[in-house]
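Please walk through this fold from the inside out. Start with the packing, then turn to the loops.

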Amino acid sequence: WQLTAATSGTAALDTAEKGGVLLLDSGAATNNQGPQIQMGGAVAACSFIPSAASKIYFEARLKLVTIGSTTVQFFAGLSEVDTTLLAAAANSSANHVGFEAINTTSVTFAAEVGSSRTADTSAGTIADGTHIKLGFLIDGVSSVTPYIDGVAGTKQTAGIPTAEVTPSFTCHSSATTQPVMHVDWVACLQA
């Protein structure tokens with residue numbers, strides 16, 4: 001996993017929960033600051049390339065703490081390698097599929113290919129200190145279905161990247177609190 005930070009933030013294993021957890025701590029109550037991790041951290045190390053003849057399954061269990069009502073910026077999903085996945089309170093990755101909340105507790109499910117974005121801005125909500133499972137199924141390059149806590153959301157038929165993507169997590173502050181993302185587990189496979 002490759003860690004990068006927008007000015008502040010850390011990633012550390014912790015025993016705060018049974019079995020352990022990865023803590024992504026924004027490190028400050030400063031707007032647009034915090035860490036991100038990406039598996040591999042280089043294009044050559046990216047694990048997944050959506051294709052017509054395959055399916056990609058992704059799911060992670062996480063919780064966000066110290067978020068308030070509009071005080072977190074997070075992303076969880078697959079993205080191209082981008083050391084500033086969230087920048088200036090926006091997703092700057094040109095190729096990604098995943099869940100995000102930017103200065104809100106409303107969760108957006110977004111798929112973007114070559115900077116052409118499709119998004120469901122009302123996919124769900126997050127609550128401070130409450131675990132949530134976020135997952136999706138990419139079926140070839142024709143559709144992607146999001147799942148929140150095992151319940152299917154609205155299928156999208158556009159925005160599926162065909163570039164290399166890798167599991168990615170980001171947790172930034174929105175300037176009021178110092179949010180921390182607890183990543184309990186992540187599973188991703190391509191069949």
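Predicted model: local features only at pLDDT ≥ 70, side-chain atom pairs only at ≥ 80, totals over all residues.

Residues are numbered from 1 along each chain as its sequence is written, and side-chain values use heavy atoms, with hydrogens and water left out.

Begin with the core. In soluble globular proteins, nonpolar side chains tend to be buried together. A nonpolar core here is a set of buried Ala, Val, Leu, Ile, Met, Phe, Trp, Tyr and Cys residues joined through side-chain atoms within 4.5 Å. Buried means under 20% relative accessible area, exposed over 50%, and partly exposed in between, with a 1.4 Å probe and protein chains only. The largest nonpolar core has 33 residues. Leu64, Phe74, Ile126, Phe136, Phe169 and Met181 touch the most other members. Strand 5 (residues 55-65) gives the largest share, five residues. Strands are DSSP runs (E, at least two residues), numbered from the N terminus.

Take Ile126 as an example. Contact means heavy atoms within 4.5 Å. Setting aside residues up to four places away in sequence, Ile126 touches Leu64, Ile67, Val72, Phe74, Ala101, Thr104, Thr105, Val107 and Ile132.

Next, the cysteines. A disulfide is a pair of cysteine sulfur atoms within 2.5 Å. The whole structure has zero disulfides. Cys171 counts as buried because its relative accessibility is 0%. Cys188 is partly exposed, at 22% relative accessible area.

Now the loops. Thr130 sits between strand 11 (116-125) and strand 12 (132-139). Thr130 counts as partly exposed because its relative accessible area is 43%. Beyond neighbours within four places in sequence, Thr130 contacts Leu62 and Lys63.

Which backbone angles stand out? Most residues other than glycine have a negative phi. Asn32 has a positive phi of about 65° although it is not a glycine. Asn32 lies in the loop between strand 3 and strand 4 (34-38), and is partly exposed at 23% relative accessibility. Asn103 also has a positive phi, of about 60°. Asn103 is in the loop between strand 9 (96-102) and strand 10 (106-113), and is partly exposed at 31%.

Methods: Helix = DSSP H or I, 4+ residues; strand = E, 2+ residues; numbered from the N terminus.
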